[in-house]
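Please keep the structure in view while reading.

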Amino acid sequence: MVRSVPRKKSLGSRIWGARQAYLFLMPLLAGLLIFNYFPFFSGLYHSLFDWDAVGKATFIGLDNFKELFSDPDFLSTIPTLFKIAIPKLIISIFVPLIAAEMIFAIRSDKAQRAYRVIVLLPMVAPGVVMMLLWKYIYDPNAGVLTAVLRALGIMGQDQVINWLGDPNWVIFSIVFMYFPWIGGTSVLIYMSGLMNISTEIIESTRLDGANTFQRIWRVDMPLLMGQIRYFLIFGIIGNLQDYNVQLVLTNGGPGYTTVVPGYYMYRKAFLANRMGYASAVGVVMFIVIMLLTFLFYRYLNSDATSDKLSR
């Protein structure tokens, strides 16, 4: 039997195929340019102007940045950001890992699948709906949290705590939101990493006499470093940019207690109508996020490389 040799495509057909590929990619590239790159370069450009987004922009150089770093209102948002972002970052990395380890330890495949579905179910509700739900949970008079604490005897029957209106409790309330902080997607990502660990390695740790905590620390954690790095980097980016709770629930209050840089930028842009100044805030946030992401990524990569070499 004589095989038919596939004919090579002509130069013209290859060029036409490449043009078709670029044609199909054009909507994606146009979307990236319009909705991602243009706003960034526009903000970078307008940070050098006194601009209200309506009238003519007046070039003022670096005056917006000089004002920003001497503005006590902006500087006070930085410690507030750390008080909120650091606990939330730690929670978002380690609590889903604990949940994934607990589900992974279940022997029954059916039970594992059931628990994976259970941790994913809360994702059905939109984020704003969940925040509004927590608003009712934090109701100082008839909220679920107040009722539970009174039932347990932790709070007196006549005691009232304004969880989102008391400066002493509002930061704690924001961090405590979404308890038990499992996060369905995070658990599944950790589960995929745990399921990729070979059974031979797990069995060898048992034969060596390692208990569960030693196995998690010495085997699981190093092999899950890619997932941990992912959650760390995207957690930093998300927490530095996030101001949804302030926008929906607290309005930066009580007073100025919960104002973070992102919400400060929003207020200057849409309430004070100072788009140029808000652009300067956005540029500073971008530089900080980029530097922190680079440093953490490089540090974790160097640690992972040194661990491999030491082995």
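At what angle do the axes of helix H3 and helix H11 cross? The axes of H3 (residues 72–104) and H11 (residues 225–241) come within 10 Å and cross at roughly 155°. That makes H3 roughly antiparallel to H11, where angles under 35 degrees count as roughly parallel, over 145 as roughly antiparallel, 65 to 115 as roughly perpendicular and the rest as oblique. The crossing in which H3 passes H11 is right-handed; a crossing is left-handed if the near helix is turned anticlockwise from the far one by less than a right angle, and right-handed if clockwise. On the H3 side, the contact (heavy atoms within 4.5 Å) is made by Leu81, Ala85, Lys88, Leu89 and Ile93. H11 contributes Ile228, Phe231, Leu232, Gly235, Ile236, Asn239 and Leu240. By class, the contact of H3 with H11 comprises nine nonpolar, two polar and one charged residues; Ala, Val, Leu, Ile, Met, Phe, Trp, Tyr, Cys and Pro count as nonpolar, Asp, Glu, Lys and Arg as charged, and the others, Gly among them, as polar.

The model is predicted: local features need pLDDT of at least 70, side-chain atom pairs count only at pLDDT 80 or more, and totals for chains, interfaces and linings use all residues. Residues are numbered from 1 along each chain as its sequence is written, and side-chain values use heavy atoms, with hydrogens and water left out. Helices (H or I, at least four residues) and strands (E, at least two) are DSSP runs, numbered from the N terminus. Axes are lines fitted to C-alpha atoms, for helices over the stretch in contact, and angles run from 0 to 180 degrees between N-to-C directions.

H11 also packs against helix H8 (residues 184–195), at an angle of about 160° and with the axes 9 Å apart. H8 and H11 are therefore roughly antiparallel to each other. Here Ser186, Ile189, Tyr190, Ser192 and Gly193 of H8 meet Gln227, Ile228, Tyr230 and Phe231 of H11. This contact of H8 with H11 has five nonpolar, four polar and no charged residues.

H8 has a further partner in H4: the two pack at an angle of about 150°, with their axes 8 Å apart. H4 and H8 are therefore roughly antiparallel to each other, and H4 passes H8 in a left-handed crossing. The residues in contact are Gln112, Arg116, Val119 and Leu120 of H4 and Gly184, Thr185, Val187, Leu188, Met191 and Met195 of H8. Six nonpolar, three polar and one charged residues make up the contact of H4 with H8.

The spaces in the model come next. On a 1 Å grid over the protein atoms alone, a cavity is a set of points where a 1.4 Å probe fits but cannot get out, and a pocket is an open set with protein on both sides within 12 Å along at least five of seven lines; lining residues have an atom within 4 Å of a point. Grid points are joined across faces, edges and corners, and a volume is the space filled by probe spheres set on the points.

A search of the whole structure finds one cavity of 30 Å³ or more. The largest cavity holds about 60 Å³ of space, and its lining includes Leu81, Lys88 and Asn239. H3 gives the most to this lining, with three residues.

The largest pocket has a volume of about 1,300 Å³. Of its 36 lining residues, Ser92, Tyr178, Trp181, Gly183 and Ser186 lie nearest its centre. H11 supplies the largest share of this lining, six residues. By class, the lining of the largest pocket has 24 nonpolar, 10 polar and two charged residues. In the second largest pocket lies about 600 Å³ of space. Pro39, Phe40, Met265, Gly282 and Val283 are the closest to its centre among the 23 residues that line it. H14 provides the largest share of the lining of the second largest pocket, 10 residues.

Some backbone positions deserve attention. The peptide bond from phenylalanine 179 to proline 180 is cis, with omega near 10°, and proline 180 lies in the loop between H7 and H8. Tryptophan 181 lies in the loop between H7 and H8, and its phi is near 65°, a positive value in a residue other than glycine. The peptide bond from glycine 253 to proline 254 is also cis, with omega near 0°; proline 254 is placed in the loop between H12 and H13.
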